[in-house]
Amino acid sequence: MKNLLFIFAIFLLPVCPNLRSQTTIINIGNRTTISLNGRWNYIVDPYETGYYEYRYVPFDKNPNPWGGFFLDKKPKDKTDLIEYSFDMSPTLLVPGDWNSQAEKLFYYEGTVWYRKVFDYEKSKPGNRVFVYFGAVNYEADVYLNGKKLGKHIGGFTPFNYEITSLLRDKANSLVVKVDNKRKMEGVPTLNTDWWNYGGITRDVIIAEVPATFILDYSIRLKKGSNNEIAGFVKLDGETKNQKIHIEIPELEISSEFTCDVNGHADIHISSDKMDLWSPGNPKLYRVNIISLSDSISERIGFRSVETSGTEILLNNKPVFLRGICIHEENALRGGRAYSEVDAQLLLNWARELNCNYVRLAHYPHNEYMARLADEMGIMVWEEIPVYWTIQFDNPETFGLAKKQLSDLIHRDKNRASVIIWSMANETPLSGERNSFLKGLVEHARSMDDTRLVSAAMEARGDKNDPNLRIVEDPFAEFVDVISFNEYVGWYDGLPEKCNSITWKIPYNKPVIISECGGGALQGMHADALTRWSEEYQEDLYKKTLEMLMKIPQFRGVSPWILCDFRSPRRLLPGIQDGWNRKGVIGRNGKKKKAFHILKDFYDQAEMRYR
Ligand code: GCU
């Protein structure tokens, strides 16, 4: 009897099988949406009491999930035993990390439950409704009205779930279990030089779409062409096999294509009138995609990027990347950056440096960054957090890295500003690491053959020549651009050491120095040999840039880093105090002397590469 009951109970499982995580809807901002941004109730749950019953079995796998916080239960009467209450709990702002919002959560790593109650009335019967998260760091278990929608792993990429069949008109309870514990098998792993900001760190949106809607599309210049647009459109829903139209009014384009039974249509459009996107001319075209029951629109730039020998070619012209590295943090506020205003703060600072390029380190940033870079004419290196010592021999870890790479390319494939996909940062050489990264490159190229691929590699010394630095990496043969981080004058000797260093980089490929520089406490002044003074950093920048100019393949640089950022590894009292001080801008927004050295260098570089 007991077994029969158990079997019967299994069918009561609060997981709706058809509510799997869907392909993420791109250009979500162009949809009919309501924002769930704002205040959410939260419960800090370090023992995951709301997830596991006392025998450590997850409630959401229990036939009778009496204790799961995702039920958002209220006491029926005064006798009812319920040991949690979202209604009586405090609130956090979403989007936003919890660390910078509540003193008691500053160092917290563990589970926090979030709950939002919302009413919803469909704008049109028959439409479908999705809940979309810009990102949740690091693991999210998502429930609506007590039913599990799914689990997402990865702290920097979007995901969504269809909720059409679960919605009610009033008081929908959306509950998210967020766990930011670092994991050895994670991507990133346990050790990083940035703050492990936890929470629902980006926008949450309810999006409504027609029964058959435009789920995905890629509209870009065909590889090797500057007058042919190639790509695809993908429909989702019951009537996939239908005609669609692509309109680019300014180019007097209105083309019709037919989606196959899977909803897929390949796109080919020629035009000799295209004004190509570039930093000097960030031209974006309004592109409209129209199906029988849906339409979507966005502004897209058309450009080509490739390499030829040691040159990086943008629209067939050599370009020098005047860059800077950026972490996703609004240092003035002291927390994760997430908004268009945050993106404007960071990219306007980069523009003040006369940058035409930024390296968004070390993980996918929020979507506002690449979209704003499109508008501003700033080229972008985007990266997944395959950082330092991740588990290269763990297939699950590879799966996580590949998923994050897929999601990043899926989201930003229509952004002209994005020119480089980076697979990794400073990963230790090994056979496992080489095959891990090679697998990622192959996947990136299979999704997108129109952009460059790289990774931030490392240099090494030479036992016979103390002044020789060598960049040799088995992974170099698989990338388009040789990128490496170097810290001569900071971690490697003093600034004058730059004067005697020579480089051996045995590749006929463009070279970008993906990190260089050193630290300074903004406002600390002394002689140029006093570590942490602005004068030390200023002198180091001068000597570093002179050294790098001697590298024949030198085609770009992104010094580390635009702005001081929080790191639990930076503990020097009175100087670091939990901040990495390598910014050319202090956490107070004030520029350091090195800022002006870099800007002057870029002003001259721009003259050279007109
Ligand atoms: C490394 C690493 C960065 C780190 C920096 C530093 O190169 O890539 O993430 O913050 O050096 O030491 O400050």
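**The ligand shell, a pocket, a cavity and a hairpin**

Good morning. The shell around the ligand comprises 5 nonpolar, 4 polar and 5 charged residues. Here Ala, Val, Leu, Ile, Met, Phe, Trp, Tyr, Cys and Pro count as nonpolar, Asp, Glu, Lys and Arg as charged, and the others, Gly among them, as polar. The model is predicted, so local features need pLDDT of at least 70 and side-chain atom pairs count only at pLDDT 80 or more, while totals for chains, interfaces and linings use all residues. Residues are numbered from 1 along each chain as its sequence is written, and side-chain values use heavy atoms, with hydrogens and water left out.

Let me stay with the ligand. Of the 14 residues around the ligand, the nearest are Asp-193, Glu-426, Tyr-491, Glu-515 and Lys-582; a residue is near if one of its heavy atoms lies within 4 Å. Asp-193 places a polar side-chain atom 2.6 Å from a ligand oxygen atom. For Arg-570, the distance from a polar side-chain atom to an oxygen atom of the ligand is 3.0 Å. Taken alone, the ligand exposes 320 Å², and the protein buries 97% of that; these areas come from the Shrake-Rupley method with a 1.4 Å probe.

On a 1 Å grid over the protein atoms alone, a cavity is a set of points where a 1.4 Å probe fits but cannot get out, and a pocket is an open set with protein on both sides within 12 Å along at least five of seven lines; lining residues have an atom within 4 Å of a point.

Which residues lie nearest the centre of the largest pocket? They are Asn-27, Gly-29, Glu-367, Tyr-368 and Arg-371, out of 28 lining residues. Helix α3 (367-376) gives the most to this lining, with 6 residues. By class, the pocket lining has 8 nonpolar, 8 polar and 12 charged residues.

The largest cavity is lined by 18 residues, with Arg-220, Leu-221, Arg-303, Ser-304 and Thr-450 nearest its centre. Strands β12 (213-221) and β19 each supply at least two of the lining residues. Helices (H or I, at least four residues) and strands (E, at least two) are DSSP runs, numbered from the N terminus.

Strand β19 brings me to my last topic. Strands β19 (residues 305-308) and β20 (residues 311-314) run antiparallel and are joined by 4 bridges; two strands pair if DSSP finds at least two bridges between them. Glu-306 has Leu-313 of β20 as its bridge partner. The two strands form a hairpin with 2 residues between them, and Gly-309 in the turn has a positive phi of about 60°. Thank you.

Methods: Polar contact = N/O pair within 3.5 Å; in protein donor to acceptor, adjacent residues only side chain to side chain.
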